[in-house]
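Work through the exercises below with the model in view. Try each task before reading its solution.

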Amino acid sequence: MRRQDPRVVVIGGGLAGITAAIALAESGAQVTLLEARPRLGGATCSFTRDGLTVDTGQHIFLGCCSAYRGLLGKLGMTAHAPLQDRFDVTVLAPGSAGQPRQARLRRTALPGPLHMLPALGRYPFLTRAERARVALPALAMRRVDPADPGVDAQRFGDWLAARGQSERARRALWDLFTVSALNIAGDDASLALAATVVKTGLLGKNNAADIGVPSLPLGELHGDAAAALLARLGAQVALSTKVTAIEALGSGAAASGAAGTGAAGSGAAGSGATGGREDQGARFLVRLARPADDAAPGSLGAEIAADAVVLAVPHEKAAPLVPPDALPSGTVAAWSGLGASPIVNVHVIYDRPVTSLKFAAAIDSPVQWVFDRTSISGLGDGRGGGPQYLAISLSAADSYAEVPAARLREQFVPALAELFPAARDARVTEFFVTRERRATFRQVPGSGALRPKAGTRLPGLVLAGAWTDTGWPDTMEGAVRSGLSAAIELRQTLLASGPDVLASGPATEAAQGTAEPADPFEPNTSASTIGVRQ
């Protein structure tokens, strides 16, 4: 006789939690997803401002992001996140006589790693000698093992300098690829994580670094689409629901007094972690911050009984929720060493178009990357004399995180005019700033040793989030891979004693780093896989 489907509570509705919830729900588990915010998507969501749709941060992805692209496919969003036909980036710099200098980095059809050689050979922001020396670290990087703890202990800048890369080469070339991917000053990055970026995105398949830019707001692309899919799968989604504690009951313990009264959020009534069923044998109680008088029909109540819990929140939120003895002594306390690195986004709306570029990188300027968000925001198409909305994305933005918007305007409006001459005659109709103060952990040397695996000492309790040990940087790709790893860990531990609710195959191999599926949610597919956060 088949036992009842396992009851799984997923705490956190970012990309990691969404991924784990979908994978587990599709495998037959009864899933309840809890999110403290009023929307899904975590760091990748949107809000409205005077009728303008604004993403919390500009995010792009690369062709090598197989796990993230698999999630887009599962959500039915692939068509709304198109990839370039080949890697193609315009690099701008202020020039003399008011005219900006410009370069184009576009790959060829040659196989990797030869595909970028022609563009690098013509790159005008380096001297001929500097361009020739780029090959030295590129060749040496192929022998670097990102999994080696000794590699994680090294600074990327020191490693590059030891291989002939000048200060100019590091700022004008290498920073283009690593600062936005790792959200840390290029020289200060962990060599292990930088090696993952370079080896996967630049030295691998020739299409690995092709850039994808969403054509829908992130709230629609991720949060809304995930909520709709989870509802179809019968999962519960409870928004604005904060978890205060996870209590481990032990195998076979009874969860007295934990009966829920029905579904909350989206999903069918009775399909979640409690749903009116007996709670014999539950391993965990998930306690919620609910008012004492919250007894409305359909309420989750004050606590939920579960057979398994996926804790998919940032490390500083996860630490106080981890039950005692779930991890070795000192492990959770050490997570504080991961720290946080900010991203700041500067939003400028002009009364007319100032550039035809959809996005561009910049050097010798406070601008790092700039994106045309006119259409995606609902402002218009940026043509025919209408307004244009540009968003500047600033990674490793420690020096900007607390600067008032007025001072940022004094710096960045002239900086844009140096890159886009048409902006000098345009009027700025709106200027505002969004800040992600804890956008990622600080991806510096030694951070790898602090990142935990998905599994814990408590069968049924697993961790997820881009900060965990995915082998990838803290990016969208890393977040999705962590969600898959959490689901796989449940299959291999707690759920292995019951029905095999998670199919093995390329999805399992992808999260473990042994395969590169086109769609990690599909068990019999194969193809290429760094989700880059701008």
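**Exercise 1.** Are helix 1 and helix 14 parallel, antiparallel, perpendicular or oblique to each other?

Solution. Helix 1 and helix 14 are oblique to each other, because angles under 35 degrees count as roughly parallel, over 145 as roughly antiparallel, 65 to 115 as roughly perpendicular and the rest as oblique. Their axes cross at roughly 40° and come within 7 Å. Axes are lines fitted to C-alpha atoms, for helices over the stretch in contact, with angles from 0 to 180 degrees between N-to-C directions. Helices (H or I, at least four residues) and strands (E, at least two) are DSSP runs, numbered from the N terminus.

The model is predicted: local features need pLDDT of at least 70 and side-chain atom pairs pLDDT 80 or more, while totals for chains, interfaces and linings use all residues. Residues are numbered from 1 along each chain as its sequence is written, and side-chain values use heavy atoms, without hydrogens and water.

**Exercise 2.** Which residues of helix 1 meet helix 14?

Solution. Begin with helix 1, which spans residues 15-26. L15, A16, T19, A20, A23 and L24 belong to its side of the contact (heavy atoms within 4.5 Å). On the side of helix 14, residues 476-492, the partners include M476, V480, L484 and L490.

**Exercise 3.** In what order do the five strands of the open sheet stand, and which stand at the edges?

Solution. The order is 9-2-1-13-19, and the pairing is parallel (two strands pair if DSSP finds at least two bridges between them). Strand 9 (236-238) and strand 19 (461-463) have a single partner strand each, so one side of each has no neighbour in the sheet. From one strand to the next the twist averages 15°. Now look at one pair: strand 2 (residues 30-34) joins strand 9 over three bridges, where T32 has Q236 as its bridge partner.

Next, place the helices. Helix 1 lies across strands 1, 2 and 13, at about 165° to strand 2. Helix 14 lies across strands 1, 13 and 19, at about 155° to strand 19.
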